[in-house]
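Here's a quick tour of the model you're about to see. Keep it open while you read.

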Amino acid sequence: MEEIKYIIVVQCHIVKERCSGYLCEYAFNERKGKFKNYSKDVKIRFLPLTCGGCCGRAVHRKINNFLRMSKKKEGLKKEDVVVHFSSCISFDSFHGGPCPHKEYLEVLVKDKLKLKIVHGTTINEITEKRREQGIYQKID
Ligand code: SF4
Ligand code: SF4
């Protein structure tokens, strides 16, 4: 994977009313789940933020703010950044189905802001088993 300096994790605002986001951070720190391809030997910053609530439109202005500030402060470029949509946004799970505005979020981040995106963060073993059993939709 090309060198990434910054990972932004967009998390579901509704789910985060009850979730601290710890398991996303843990997966990143341990390079597990959807972070497994990033080297542990490279310094990568990690910024979690929520979508701001349905329909997720705040994602555009939050990330735009990040891009402007980080460029001014430390010369960060768009190529240095990847945006992960949290597993509670991306996949069917205990938290409910994937975000109904997932495609819209993709348009905001990928098409409008021209940033790389990845679907998913932490991958829970029990949830994966339930996906195998057909209780939840499988991850593509
Ligand atoms: S993926 Fe899990 S840990 Fe991350 S924000 Fe969603 S519910 Fe919380
Ligand atoms: S837009 Fe999607 S990610 Fe954001 S609060 Fe609504 S359901 Fe959650």
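## Ligand 2

The shell around ligand 2 has eight nonpolar residues, four polar and no charged. Here Ala, Val, Leu, Ile, Met, Phe, Trp, Tyr, Cys and Pro count as nonpolar, Asp, Glu, Lys and Arg as charged, and the others, Gly among them, as polar. Around ligand 2 you'll find Cys12, His13, Ile14, Cys51, Gly53, Cys54, Cys55, Gly56, Ile89, Cys99, Pro100 and His101, each with a heavy atom within 4 Å of it.

## Ground rules

This is a predicted model, where local features need pLDDT of at least 70 and side-chain atom pairs pLDDT 80 or more, while totals for chains, interfaces and linings use all residues. Residues count from 1 along each chain as its sequence is written, chains are lettered from A and ligands numbered from 1 in the order written, and side-chain values use heavy atoms, leaving out hydrogens and water.

## Ligand 1

The shell around ligand 1 splits into five nonpolar, seven polar and no charged residues. Among them are Gln11, Cys24, Ser86, His95 and Thr122.

## Serine 93

Is serine 93 buried or exposed? Serine 93 is buried because its relative accessible area is 10%, and buried means under 20%, exposed over 50%, partly exposed in between (1.4 Å probe, protein chains only). Skipping residues up to four places away in sequence, serine 93 touches Thr127, Arg131 and Tyr136 (contact: heavy atoms within 4.5 Å).

## Isoleucine 63

Neighbours within four places in sequence aside, isoleucine 63 is in contact with Ile8, Val10, Val83, Val109, Leu113 and Leu115.
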